[in-house]
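Open the model in your viewer and keep the sequence panel beside it.

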Amino acid sequence: MATANKQVICNVLMELAKEDKDIVVLCSDSRGSGSMTPFADALPEQFIEVGIAEQSLVSIAAGLANAGKKPVAVSPASFLSTRSMEQVKVDCAYSHINVKLLGISGGVSYGALGMTHHSTTDIATIGSIPGMRVYFPSDRLQTEKLTRALMADTDPAYIRVGRNAVEDVYKEGKVPFEMDKATVVREGKDIAIIACGEMVWHAKKAAEALAEKGIEAMVIDMYCIKPLDREAVLKAAATGKIITVEEHVAIGGMGSMVAQVTAAEAPCRVVNLTLPDSPVVTGNSKQVFAHYGLDAAGIEKTALEMLK
């Protein structure tokens, strides 16, 4: 069932917040785009509208955490990961404060609005800050499990989700999940595909198409980008060939992190499928993914070329 991951997060937060009055959601004029309007309506005393002031959003959230609250700061990923970077670094990570940062409408979700609204560098920016964790859940089922796990711990974290509904990668009641451990969506011995976020569904579909050609492709859902699951990378490296797929630029992205692990511990061929080091073409997510070979067809094509 195609569902926006941000809606799932709202539902989980509402459920938890009704029992835990310390849970507070803050928005930067983003309750609508962040699907947090139901939370604000149901629990107005636990909702704070900061307005278009992303730096203040993070600092206020950190202050609330320091007072014992459990804040979730919700803002477009493009602004949260750039405009607020100093506050994330100093007020959250350096102070090791229990703030959960939810970057909504991540990647190229905003489509034709262009580079000002795209968040294609957030793994590099937020991930480079010591003490910050980075998560890109793949579907509604995994998003629910991740949200519950994060709200149960006390460490700062950044979660990025897209704007649109995404297809299910997993099945109801069959969602293998272990915190900070990647999920093997599909086993395979010929080649491995490591993907994160919305790219996991495309990777799974590519593997299904490859299977029809007699090729066994492993698919790994690296929802936990930082800390990266090193053991999962080494498992993928055992195939001898790895494709990484992410809605992010190559520099400082998940693919570069995977390549660092393989270069040091298990040398093999690694091809990174990413967005370019330039403003992306104009179009919706589906069109952009297809243009840069990030959709199932593009991933399948890259795999076939690597296996020649």
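Select Met254, Gly255, Met257, Val258, Val261 and Thr262: these are the buried residues of α10 (buried means under 20% relative accessible area, exposed over 50%, with a 1.4 Å probe and protein chains only). Look down the axis of α10: its buried residues fall within an arc of 165°, so they line one face of the helix. That arc is taken over the directions from the helix axis to the C-beta atoms.

The model is predicted: local features need pLDDT of at least 70, side-chain atom pairs count only at pLDDT 80 or more, and totals for chains, interfaces and linings use all residues. Residues are numbered from 1 along each chain as its sequence is written, and side-chain values use heavy atoms, without hydrogens and water.

Now turn to the face away from the buried side of α10. Gln260, Ala263 and Ala264 are exposed there. Next, show what the buried residues pack against: α6 (122–127), β8 (191–195), β10 (224–226), α9 (230–237), β11 (241–249) and β12 (269–275). Helices (H or I, at least four residues) and strands (E, at least two) are DSSP runs, numbered from the N terminus.

Move to arginine 133, in strand β5 (residues 133–135). Is arginine 133 buried or exposed? Arginine 133 is buried, at a relative accessible area of 11%. Where does its side chain go? The side chain of arginine 133 reaches the backbone oxygen of proline 156 at 3.2 Å. Pick the backbone oxygen of aspartate 155 too: a polar atom of the arginine 133 side chain lies 2.8 Å from it. Finish on tyrosine 158, 25 residues from arginine 133 in sequence but 6.0 Å away in space, C-alpha to C-alpha.

Conventions:
A polar contact is a pair of N or O atoms within 3.5 Å; within protein, one must be able to donate a hydrogen and the other to accept it, and residues adjacent in sequence count only if both atoms are side-chain atoms. Contact means heavy atoms within 4.5 Å.
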